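Please keep the sequence and the model in view while reading.

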Amino acid sequence: RCPLGGDPLAVRAGALGPGWLGGRRADARVAPWVDLSRVPRMAGGASQEAPRDLSTDLRPLALSLWLADHGG
C-alpha cells in the first residue's frame, strides 16, 4: 500500500483551474440550509476565499445537484 500524496480533489482542481466544475454552481434551492456566500467559488459557491477542505466545501454543490435531479 501507498498513501496518497495529496487530496485528489485539490490536485484535479489545481490542474484544471477555475473551470474544473464545468460551470456548475450551487443554486438557490440550497438556501434554506446553506449560506452560499460562505462557500468558496472553487467549490460552486460565492465566496472568494480559498477552499479549506474541498470534500466538505463541495457538499452544497452536491446537494444542489441532487435537488435539481429530484425535483427539489
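P8 counts as partly exposed because its relative accessibility is 48%; the class covers values between buried (under 20% relative accessible area) and exposed (over 50%), taken with a 1.4 Å probe and protein chains only. The model is predicted, so local features need pLDDT of at least 70 and side-chain atom pairs count only at pLDDT 80 or more, while totals for chains, interfaces and linings use all residues. Residues are numbered from 1 along each chain as its sequence is written, and side-chain values use heavy atoms, with hydrogens and water left out.

**Overall form**

- The chain has 3 helices and 0 strands; these are DSSP runs numbered from the N terminus, with H or I over at least four residues for helices and E over at least two for strands.
- From the N terminus on, the order of elements is α-α-α.
- The C-alpha trace spans about 40 × 25 × 20 Å along its principal axes.
- Of the 72 residues of the chain, 29% count as buried.
- The accessible surface of the chain is about 5000 Å², and carbon and sulfur atoms supply 56% of it; such areas come from the Shrake-Rupley method with a 1.4 Å probe, and for residues only the protein chains shown count as cover.
- Among contacts (heavy atoms within 4.5 Å) with a separation of 6 or more, 45% join residues 24 or more positions apart.

**Helix α1 and its ends**

- At the start of α1, a side-chain oxygen of D7 comes within 3.0 Å of the backbone nitrogen of L9.
- Just after α1, G17 adopts a positive phi of about 75 degrees.

**The nonpolar core**

- The largest nonpolar core holds 13 residues, of which W20, V30, L36, L54 and L58 touch the most other members. Such a core is a set of buried Ala, Val, Leu, Ile, Met, Phe, Trp, Tyr and Cys residues joined through side-chain atoms within 4.5 Å.
- Leaving out residues up to four places away in sequence, L54 touches D7, L9, A10, A13, W20 and A43.

**Two buried serines**

- S47 is found in the loop between α1 (8-16) and α2 (54-57), and it counts as buried because its relative accessibility is 7%.
- Apart from neighbours within four places in sequence, S47 is in contact with L36, S37, R38, V39, P40 and R41.
- The side chain of S47 also reaches the backbone nitrogen of E49 at 3.0 Å.
- S64 lies in helix α3 (residues 59-69) and is buried, since its relative accessible area is 2%.
- Not counting residues up to four places away in sequence, S64 touches R25, A26, D27, R29 and V30.

**Salt bridges**

- Side chains of opposite charge can pair when their charged atoms come close.
- The structure holds 2 salt bridges, each defined by a side-chain nitrogen of Lys or Arg within 4 Å of a carboxyl oxygen of Asp or Glu.
- One of them joins the side chains of R29 and D27 at 2.7 Å, N to O. R29 is partly exposed at 35% relative accessible area, and D27 is partly exposed at 25%.
- E49 and R52 also meet through their side chains in a salt bridge, at 3.4 Å, N to O. E49 is partly exposed, with a relative accessible area of 48%, whereas R52 is exposed, with 62%.

Technical notes
A polar contact is a pair of N or O atoms within 3.5 Å; within protein, one must be able to donate a hydrogen and the other to accept it, and residues adjacent in sequence count only if both atoms are side-chain atoms.
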